[in-house]
Amino acid sequence: MSQLISSASFSISKSDDLENSDAVLMPKKVGNGYLFAVADGVGKSIGAQKASQIAIEVLDKASAINEKLDLESYFHKIRKEFISISSKNSNYYNMATTLTACYVTEHAVQYAHTGDSRLYILKNGKLSQKTQDQTEHAYLISQGIITEKQSKTLSRSNVLMSALSPKMDVNINKGSFELKSRSSSLILMTDGAYRFWEKNPKFSKSTMDDINIFASSLKKRILTSGPIDDFSFVAGEFQVS
């Protein structure tokens with residue numbers, strides 16, 4: 001099976017006087033694999049932080065059945081929890097969060113995702129995005145209405161088409177892929193983190209070869225430039241036997 005040999009994470013509010021609406025689950029052993037996740041509470045509503053925290057808390061209690069983990073069922077379970085909370089307290093009616101979860105087993109990765117947080121695989125010093133953003137821009141690009149280059153000059157880049165919320169049905173982007181390299185690194189980021197990576201998507205080879213150094217360098221870049229949102233990162237390096 002795949003063995004976790006290293007992990008790294010950070011989750012920081014964009015300002016010291018504001019609560020952090022992001023939440024992360026560090027890689028943890030579940031059944032015959034490792035589960036980790038990142039969530040980004042949507043907007044500035046009273047329920048943003050609570051939504052991301054609940055999403056991670058539910059996943060933290062996940063269990064595998066017959067060595068398999070049904071990620072989609074946990075997404076629905078999280079939404080049911082949101083519905084229950086908002087029905088008892090109308091202040092939480094607008095609670096919502098993005099969620100990207102990753103489950104690593106022998107030679108394979110299973111993921112489930114809603115919103116615009118992302119899963120990347122690190123190969124040969126480069127990040128390759130595995131999830132698809134559920135945003136207005138991503139939809140327009142997929143329909144051929146605008147190009148990716150044009151999208152960078154347009155507003156509304158962070159308008160979500162989907163998220164976990166009591167007000168909308170669950171729309172999950174899910175998939176799986178094989179780990180073909182003997183050592184593979186998987187990285188989850190919220191938009192507050194990856195936007196700073198996209199501006200200049202490279203570090204030195206020594207930095208890219210170590211996820212802890214990569215995490216530290218990206219965090220330093222964000223703090224030096226000035227955060228535009230809460231920003232979170234969680235990664236695991238896995239050795240395939």
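Student: What makes the link of 3.4 Å between the side chains of Gln-129 and Asp-133 a polar contact?

Tutor: A polar contact is a pair of N or O atoms within 3.5 Å; within protein, one must be able to donate a hydrogen and the other to accept it, and residues adjacent in sequence count only if both atoms are side-chain atoms. The model is predicted: local features need pLDDT of at least 70, side-chain atom pairs count only at pLDDT 80 or more, and totals for chains, interfaces and linings use all residues. Residues are numbered from 1 along each chain as its sequence is written, and side-chain values use heavy atoms, with hydrogens and water left out.

Student: Why is Gln-129 called partly exposed?

Tutor: Buried means under 20% relative accessible area, exposed means over 50%, and partly exposed lies in between (1.4 Å probe, protein chains only). Gln-129 has 34%, so it is partly exposed.

Student: Where does Gln-129 lie, and which residues is it in contact with, leaving aside neighbours within four places in sequence?

Tutor: Gln-129 belongs to strand β7, residues 126-129. Strands (E, at least two residues) and helices (H or I, at least four) are DSSP runs, numbered from the N terminus. Contact means heavy atoms within 4.5 Å, and with those neighbours left out Gln-129 has Arg-118, Leu-119 and Tyr-120 in contact. The C-alpha atoms of Gln-129 and Leu-119 are 6.0 Å apart, although 10 residues separate the two along the chain.

Student: Is Asn-124 buried or exposed, and how do you know?

Tutor: Asn-124 has a relative accessible area of 81%, which is over 50%, so Asn-124 is exposed. Asn-124 sits in the loop between β6 (118-123) and β7. Its phi is near 50°, a positive value in a residue other than glycine.

Student: Why does Glu-237 count as buried?

Tutor: Its relative accessibility is 17%, under the 20% limit, so Glu-237 counts as buried. Glu-237 is in strand β10, residues 231-240, and its side chain makes a polar contact of 2.9 Å with the side chain of Ser-183.

Student: What makes a set of residues a nonpolar core?

Tutor: The members are buried Ala, Val, Leu, Ile, Met, Phe, Trp, Tyr and Cys residues, joined through side-chain atoms within 4.5 Å. The largest such core has 28 residues, and those with the most contacts inside it are Leu-35, Leu-59, Leu-69 and Leu-99. At least two of its residues come from each of β2 (22-30), β3 (33-41), α1 (48-60), α2 (71-88) and β4 (97-105). A second, separate core of 20 residues includes Tyr-120, Met-189, Leu-218 and Phe-231.

Student: Why is α1 called oblique to α2?

Tutor: Axes are lines fitted to C-alpha atoms, for helices over the stretch in contact, and angles run from 0 to 180 degrees between N-to-C directions. The axes of α1 and α2 come within 10 Å and cross at roughly 135°. Angles under 35 degrees count as roughly parallel, over 145 as roughly antiparallel, 65 to 115 as roughly perpendicular and the rest as oblique. The angle falls in the rest, so α1 is oblique to α2.
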